[in-house]
Amino acid sequence: MTMMNSIPCMIMRGGTSRGPVLRMRDLPDSQEAQAEILLNLMGSGHALQIDGIGGGDPLTSKVAIVEHSSHPEADVDYLFAQVDVLNRRVDFNPNCGNMLSAVGPYALETGLVEPQEGTTVVRVRNLNTQRLIECHVPTPGRQVSYEGSTSISGVPGSAAGIQLSFLDIMGSKTGSLLPTGKACDSIEGVDVTCLDAATPIIMLDAADLGLRGDESPAELDANSVLLERLESIRLKAGLCMGLGDVRNSVLPKPVLVSTACDRASTLSTRYFVPHRCHKAIAVTGAIAVASAVSVPGTIAHRIAVESGRMSAGECLAHVRLEHPSGFIDLDVEHRQGNASDIARVSLIRTARKIMSGTIFYTASTPPGETMPALQAS
C-alpha cells in the first residue's frame, strides 16, 4: 500500500544549484531509508523527475540535510546528497559547495544559529568530508538578507554575497593532496593529475583529448566517445587514488583544463559531474583546481606557467577560473609560501530562499524498482 508522508522543507538556491534543505531530525536514522525518501520526493527514475521536485538536471537534483552539531568548533552539521535523475541512486559521498552557500542562511532562518548584527559567521561541519567551513552571512538588523549587488556566473541577477572559507581542505576523501604520490600520472596513455582538495578530481589537458577546451557543455555531452573515454580513465583513477570501484559514485570528478581566453583568468575549465558537463563549475571542484595551480608538476600548474599566467615558483593567492557560464574567483592561502600546504580557500557565492513549507512524498519504492547500493561517507 502506498502512503503519503510529509516533512518540513525549505527549497533554496545555493550558488548555481538548487534543492530542498531538510532537518536531519525529520529523517530516519538509516541512510538507506533516507535515500528512499529523497528519491521519492525528488521524483528520480524519470528524465523530468515529473513526480517530484527535482529539475531533471544534476544541478537541481541535490539535497542538503542540516542539524545542530556536536563538534566543538561547528554550529551545524551539513550532509549533502546527490540524487541521480534517471537512476534510483543516491550518493552521499561528495560535498557540494554551491548548496553549502544555502546552509548558513537556512541555519539562521530556522533558529539553529542566532543571527548577529551586520554579519553572522555560521560554522559548518560537512559530514561528507568531515571538514569545517565558515559561512559569512549578511544579517543586517539580525535578519538574513538575500538582496544585494553580488553577481555570480551561472545565476541571473544579483544577490547578497556570502563568503565561504573552506578550512583544512587537503585529502578530503583520500587523506592526501596527491593521493597517488605524484603530481602527474599516465592513465591509458593520457597525462592526468589526481588531486584531492575539498573533493577528489582527475585533471586532464583538454588538448590531450583533441579538444580546444572552450566547447559548450552540450557539445561535450553529445561526444559519446569522449564520455566513454573519460569514464574509463575515471574508473582507473579511482583505483589509483584509493577510492576503490567508483562505478556507483560521482567521485572522483573529471576536469578538463586549458589556456584561459581572458588574460585576467588563470585557466579555462570544463567540469564533469561525472557523466555530464557542468554548466558552470562546482565550488569544490573549483577549489581543487585552484589548489592545484601552484603545485609544481600538476596539469594546472604546467598550463598556467606555459600560458604566462604565473611564474614557475609562484604561489598564486588569487585564482580566476573560466567555465561555460563565466568565471569564478578564489583566494588561496598557503602556509609559509608552501604550495602543497593550503590553509584555506575562500570565495563568494549567493543564495536565495525560494519556498518554505511541507513537502509530501510516497513511502514506497515504485513497482519493479529496487533500492540502490548506496555510497556512504
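**Pockets and confidence**

I began with the second largest pocket, whose volume is about 310 Å³. For my own reference, on a 1 Å grid over the protein atoms alone, a pocket is an open set of points where a 1.4 Å probe fits, with protein on both sides within 12 Å along at least five of seven lines; lining residues have an atom within 4 Å of a point. Volume is the space filled by probe spheres set on the points, which are joined across faces, edges and corners.

This is a predicted model, in which local features need pLDDT of at least 70, side-chain atom pairs count only at pLDDT 80 or more, and totals for chains, interfaces and linings use all residues. Residues are numbered from 1 along each chain as its sequence is written, and side-chain values use heavy atoms, with hydrogens and water left out.

I then looked up the lining of the second largest pocket: it has 24 residues, with R13, G15, G154, V155 and P156 closest to the centre. Strand 2 (17-23) and strand 17 (351-362) each give at least two residues to that lining; strands are DSSP runs of E, at least two residues, numbered from the N terminus.

Next I turned to the largest pocket, which holds about 360 Å³ of space. I found 18 residues lining the largest pocket, and D84, V85, R89, V273 and H275 lie nearest its centre.

Last, I checked confidence: the chain has a mean pLDDT (the predictor's confidence in each residue, from 0 to 100) of 94. I noted residues 366-377, where pLDDT stays under 50.

Definitions and conventions
Helices (H or I, at least four residues) and strands (E, at least two) are DSSP runs, numbered from the N terminus. Contact means heavy atoms within 4.5 Å.
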